[in-house]
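Please open the model in your viewer and keep the sequence panel at hand.

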Amino acid sequence: MTNEDARVNDKPFLQTLAHTLRVQRWDDHRYYHHSRINQSLHLLSAIFFLISYAMLFFNPAMAALLAWCVSMTSRQAGHFFFEPRGYDHINQATDEHKEEIKIGYNIQRKIVLLAIWVAIPAALWLQPSLFGLIQPATDVQGWLHDVGIAWLALGAAGLIFRVLQLWIQQDLMTGVAWMTKILTDPFHDIMLYHKAPLYLLRGELIDPMNHVAHDLNAKHG
C-alpha cells in the first residue's frame, strides 16, 4: 500500500470509492485499450449497453440478449483480436504482467465466462426444463426468453463472483469499486472513446497514449 492509498483509506467511504474507481479506470485504459479498433468497438458496445439498460425496465430477457450478443461480443472481440499483446513500452510492462495484475476478468477468466455463456443456450435447447428447475419453453420465442433470463443471471453472478474474489484477495473496497466501474463503463467509454472512429478514419490504428506517457513521466519526476 502506498502512502497515498493509506491517506485515502482514512477518508469517508464515498471519497475512497471515488479514488479507487478513478485509479482502476485509468489503469484499465492505459494498459488494455491501445488499439483504436478496440476503442471503437468499446464505443459501439457502450451504446448498446445503454440501450440494454433502458430495456431492463420492460423486457429484461431481450435486454440481456442484446447486451451479450452485441455489446459483449463487440467488446471482447476488441480485446481478443485487435489489442496488441506484445511488450507495452509506454507502461514498461509485459503482456503476462498486465494479465496477472488485471483487476477484472483477464483473458483466462473471460474464456471461462464465455464458455459458460455459449453453453447456456445449448443446455436450454437440450433440456428446456433444466431438469425440472424451470417451466420448459414450448417454442423458439420461449427458448430465447429463457436464454435471455439465464444470461442476465450469468452477468449478475459474474459480477458478484469477481467482487467476492477481490474482497478475499485484496479488500472489499477494491471489489465494490470494480463493480461500480463495470456498471458505469458504458457512460465512461462513450466519453473516453467517442473520437476513436475518427482516428481510425485518419489511419491511426494504435493510440500513441501521449497523455499516459506524460502522466507517468510526471509521477516519476
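## The loop between α3 and α4

Begin by selecting L56, which lies in the loop between α3 and α4. The model is a predicted one. With a relative accessibility of 37%, L56 counts as partly exposed.

## The whole chain

Read from the N terminus, its elements run α-α-α-α-α-α-α-α-α-α. Along the principal axes, the C-alpha atoms fill a box of roughly 65 × 45 × 30 Å. Of the 221 residues in the chain, 41% are buried.

## Helices α3 and α4

Select residues 36-55 for helix α3 and residues 60-82 for helix α4. Two packed helices are described by the angle between their axes and the distance between the axes. Here the axes come within 8 Å and cross at roughly 170°. An angle over 145 degrees counts as roughly antiparallel, and α3 and α4 are therefore roughly antiparallel to each other. The residues of their contact divide into 17 nonpolar, 8 polar and 1 charged.

## Salt bridges

Next, display the charged side chains. Side chains of opposite charge can pair when their charged atoms come close. The count of salt bridges in this model comes to 9.

Select R30 and D27 for one of these pairs. Their closest N and O atoms are 2.9 Å apart. Both residues belong to helix α2 (residues 13-32), where they are 3 residues apart, about one turn of the helix. R30 is buried, at a relative accessible area of 11%, whereas D27 is partly exposed, at 24%.

Move on to D207 and R36. Which parts of the chain does this pair tie together? The two residues form a salt bridge whose closest N and O atoms are 3.4 Å apart. D207 lies in the loop between α9 (196-201) and α10 (210-219) and R36 in helix α3, so the bridge ties together parts that are 171 residues apart in sequence. D207 is buried, with a relative accessible area of 7%, and R36 is buried as well, with 6%.

The next pair to select is D95 and R85, a salt bridge with its closest N and O atoms 2.9 Å apart. D95 is in helix α5 (residues 95-101) and R85 is in the loop between α4 and α5, so this pair ties together parts that are 10 residues apart in sequence.

G142 is buried, with a relative accessible area of 19%; the cut-off for buried is under 20%.

Most residues other than glycine have a negative phi, and most peptide bonds are trans. The phi of F131, in contrast, is positive, near 60°. At 72% relative accessibility, F131 counts as exposed.

## The loop between α9 and α10

The last stop is M209, found in the loop between α9 and α10. D207, from the salt bridge with R36, lies in this loop too. M209 is not a glycine, yet its phi is positive, at about 55°. Is M209 buried or exposed? Its relative accessibility is 0%, so M209 counts as buried.

Definitions and conventions: Residues numbered from 1 in each chain as written. Predicted model: local features only at pLDDT ≥ 70, side-chain atom pairs only at ≥ 80, totals over all residues. Heavy atoms only, no water. Axes fitted to C-alpha atoms, helices over the stretch in contact; angles between N-to-C directions. Helix = DSSP H or I, 4+ residues; strand = E, 2+ residues; numbered from the N terminus. Parallel < 35°, antiparallel > 145°, perpendicular 65-115°, else oblique. Nonpolar A, V, L, I, M, F, W, Y, C, P; charged D, E, K, R; others polar. Buried < 20%, exposed > 50% of the residue type's maximum accessible area, 1.4 Å probe, protein only. Salt bridge = Lys/Arg side-chain N within 4 Å of Asp/Glu carboxyl O.
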